[in-house]
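Hello,

Here is the structure I promised to pass on to you. Have a look at it first, and then read on for what turned up.

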Amino acid sequence: MSNPLEPDVKTNPQGDPISTLEPEQKTNPQGDPITSAAPIKVGGGSKDPHEAAKKQRVVTPEYMFFEAPRKREFITGSEAAKEAVRRSNVDFSVAYPITPQSETMQLIGVLYGEGYVKEYYRGEEEYGVMSAIAGGSRAGVRCFTATAGPGTLRGLEPIASWPGHRLPAVAMFTCRVVNAPLAIQPDNIEVSYLLNCGMIVFHAENQQDLFDFIMKGFIIGEQNDVTLPVGVACDGFFVTHARNYVDMQEKGIKLPPRQAWKGAVPVLDAENPPARLSRDAPVQKSNFMAYNIHAVWQQEVWAAVERSRRYIDKYMGGMLTAENVEGAEAVIVASGSACAQSREAVRLCKEQGLNVGLIKIRSLRPFPTAELRKLLTKTKLVVIPEFNYVAWLAKDVAAAVYGYSNAKIIAGPHVYGGMSMPVEMIVDEVVGGLTGKKSIAVPDSAIMGRDVNQADVAHFMQNI
Amino acid sequence: MSLDYVKFSPGFDRFMPKEYRDMVNHGPFGKKTTVSQMGSFKEILEEHPMCAGCAMTLFIRLAMISFPNPEDTITVGTAGCGRLAISQAAIPFVYGNYGDQNAVASGLSRGLKLRFGDKPKDVVVMAGDGGMADIGFSMTLHSWFRKERFTTIMLDNEVYGNTGGQESGMTNKGQVLKMAPLGKKFEKMDMVGMAKLAGCAYVATVVPNNPRRVESVIKKAVLIAREVGPTYIQAYTSCNIEYSIPTDKVMEDANSVEGDRYKFEEYITDDAKNYLANRYGYKIYQEKPAAALPKA
């Protein structure tokens, strides 16, 4: 009960009385005054909110990717993903928040409000989201979603069945910690799970890659002889929340729409023969399905992954890029954000008089096996820095070049759980690897190849 | 496959799959068929591997005859006995992951709406009690809360039949089953109540021993889901194997369960009534003309 003699004094969140003479100060939950928030427009007169989206015109993928003039902007990775989706003629998107993806999918919601994305809703959780994306893609429309870390794992059962159902959706994975103790920090261990689904997996180094890989992912995944989902991974926060320069085409153009009839498997719109889809196309027959039907179907999925190579070469300019590899004393092989650290390590090595090359892997599935064998034939030392504990990239590289290169391969340095990767750590491994000095950051068991004691590396080799 | 969108040039129709031609020439595609005509036309579901005396199979057959536009209907299901029959039908069936059916149907129905606008493309979920009330519970409820426009049909045999007879959320309290060695310790889940609470526009409980009633509720549910909102049908489809019901007593059992926990119940919102009355001419929902005023 308030005392009638003492009138209620209104206070701000800090407890200071608010004088009625001054206008009430709006504050955020932390108590900071809000000064710059723009008023939310309701209704907004007679202007059609979809006006700009309706005026977008369709251009060919070739024009979009190679000819259209681009303008440079300084934006976050989330904004780069939004701008990619704006130009990708996306029909359907389902969102569920998880750090560090949330901003991306709420920006896709903004695109829905503006009419650039035709259908959108906030799903119940990632299992439901990935299942709804499967439903949308089966209906024959172009689908996009994004998640991160625990969300990727929660949605992994439906995600892992997308390739078998031949659903060419694009999903973005803004990688973060998965394992306990739980954290939201960058760590790309979730990529190791995605590598074995039968989907195409790209790893974006920066905001520009994210922008390009998402758009190209739709075109590559929807090729008739591919018809597969595409995962575009990036390292959370480093890419999603940081700003960088991104060269982008004008907003007024978009990719051609998905042509559902073009897929390798008929979509479920009751328009396509065979009439008995689930019986005649041998998907998910379970008890009735001969083991060889599942076997040949999975073989075909992975064959489709292989066939995507030429489209990745065509639209992305190759599965990897090689910088200064010819004649280098050592080569750093990296993907994602580790490439940026590695590029700086190459520069520091040069200052020390060491000639070091860099291979940036853009496509993890399909994996550039032949390219690596060729590039690493004469290399003496390969260093593979990663933002995870399990060294999934080093295992793939080692398996690819085994028998084709005599290089000593150092699976490290590794950082995880949100640690940053000091460039000096990479330089130390290059110098130590070349001089034979023992590393304090990388155990013997993570080193293999020439001049290595087999007993020391047994642990790592068993994990390949 | 749709009859309206694809017209075959004369002579080319014979290159269509035989199942499709049979559905057009001797089956329900493009014409009205009713359960009372059973035996006189080629059914959408003819062959199946279900157990002898399976009430679920009878219900699925009846439900498929009742679809208002079978040639434009897509069914969605999940693991369980039902999908062993549904996947043999002559209409497309999505068999996705465990319990995902209502989420897949959400994406599918929205995607079809984007591509085909108001042309009816009916999405019908048919899944078991375990798939719907247990593993897929959250996706089922959320699809109703979101007012997704498709029909959900629960094939409730009160047990995990396909995995060999384990307790489900829809099992009755006290029932001894595998994984319930001392009897189930909580009541049968009230999914009908939850369907109403979550905003379904039409909810009905039904047993398969009354074919005309099955036909009536399925037709209403599919039509209402086109434009008004989500619809839910909960059907008692006994498992004569796990509950040891002699095959010749399956209909008797259904009859007695109908008198017990599966009394016919139909819930329909006013919006749905008006829609059926105005759009499809359902006389029972049409407003009765006001009685003439008595002469003064």
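In chain B, strand β1 (residues 73-77) runs parallel to strand β3 (residues 122-128), and the two are joined over four bridges. One of the residues to look at here is B:I74, whose bridge partner in β3(B) is B:V123. Please keep in mind that this is a predicted model.

These two strands belong to an open sheet of seven strands in chain B, with the order β2-β1-β3-β4-β6-β5-β7 and mixed pairing. The edges are taken by β2 (93-95) and β7 (265-268) of chain B; each has a single partner strand, so one side of each is left without a neighbour in the sheet. From one strand to the next, the twist averages 15 degrees.

Chain A has an open sheet of seven strands too, again with mixed pairing, and its order is β4-β3-β5-β6-β8-β7-β14. Here the edge strands are β4 (119-122) and β14 (363-365) of chain A, which pair on one side only. The twist in this sheet averages 20 degrees from one strand to the next. Within the sheet, β3 (residues 92-95) of chain A pairs in the parallel sense with β5 (residues 143-147) of chain A over two bridges, and A:S93 sits opposite A:F144 of β5(A).

A helix of the other chain packs on this sheet: α4(B) touches β3 and β4 of chain A, and its direction makes about 155 degrees with that of β4(A).

That brings me to the interface. The contact involves 46 residues of chain B and 44 residues of chain A. About 3500 Å² is buried between the two chains, with carbon and sulfur atoms giving 59% of that area. There are nine residue pairs in polar contact across the interface of chain B and chain A, both residues being at pLDDT 80 or more. On the side of chain B that touches chain A, the elements giving two or more residues are α1 (18-25), α3 (82-86), β2, α4 (101-116) and α6 (137-145) of chain B. Which of them gives the largest share of that side? It is α4(B), with 11 residues. By class, this side of chain B has 24 nonpolar, 11 polar and 11 charged residues.

Four salt bridges are counted between chain B and chain A. In one of these, the side chains of A:E124 and B:R146 meet at 3.1 Å, N to O.

Over all chains, the structure holds 50 salt bridges. Among them is the pair of A:K118 and A:D91, with the closest N and O atoms 2.9 Å apart. This pair links distant parts of the chain, 27 residues apart: A:K118 is in the loop between α4 (102-113) and β4 of chain A, and A:D91 is in the loop between α3 (77-86) and β3 of chain A.

- A:R365 and A:P366 are joined by a cis peptide bond, with omega about -5 degrees; A:P366 lies in the loop between β14 and α14 (369-375) of chain A.
- The peptide bond from A:G412 to A:P413 is also cis, with omega near 5 degrees, and A:P413 is in the loop between β16 (408-410) and α16 (423-435) of chain A.
- B:E158 has a positive phi, near 60 degrees, although it is a residue other than glycine; its place is in the loop between β4 (151-156) and α7 (191-197) of chain B.

Best wishes

Conventions. Residues numbered from 1 in each chain as written. Chains lettered and ligands numbered in written order. Predicted model: local features only at pLDDT ≥ 70, side-chain atom pairs only at ≥ 80, totals over all residues. Heavy atoms only, no water. Pairing = 2+ DSSP bridges. Axes fitted to C-alpha atoms, helices over the stretch in contact; angles between N-to-C directions. Contact = heavy atoms within 4.5 Å. Buried area = accessible area lost by both parts, 1.4 Å probe. Polar contact = N/O pair within 3.5 Å; in protein donor to acceptor, adjacent residues only side chain to side chain. Nonpolar A, V, L, I, M, F, W, Y, C, P; charged D, E, K, R; others polar.
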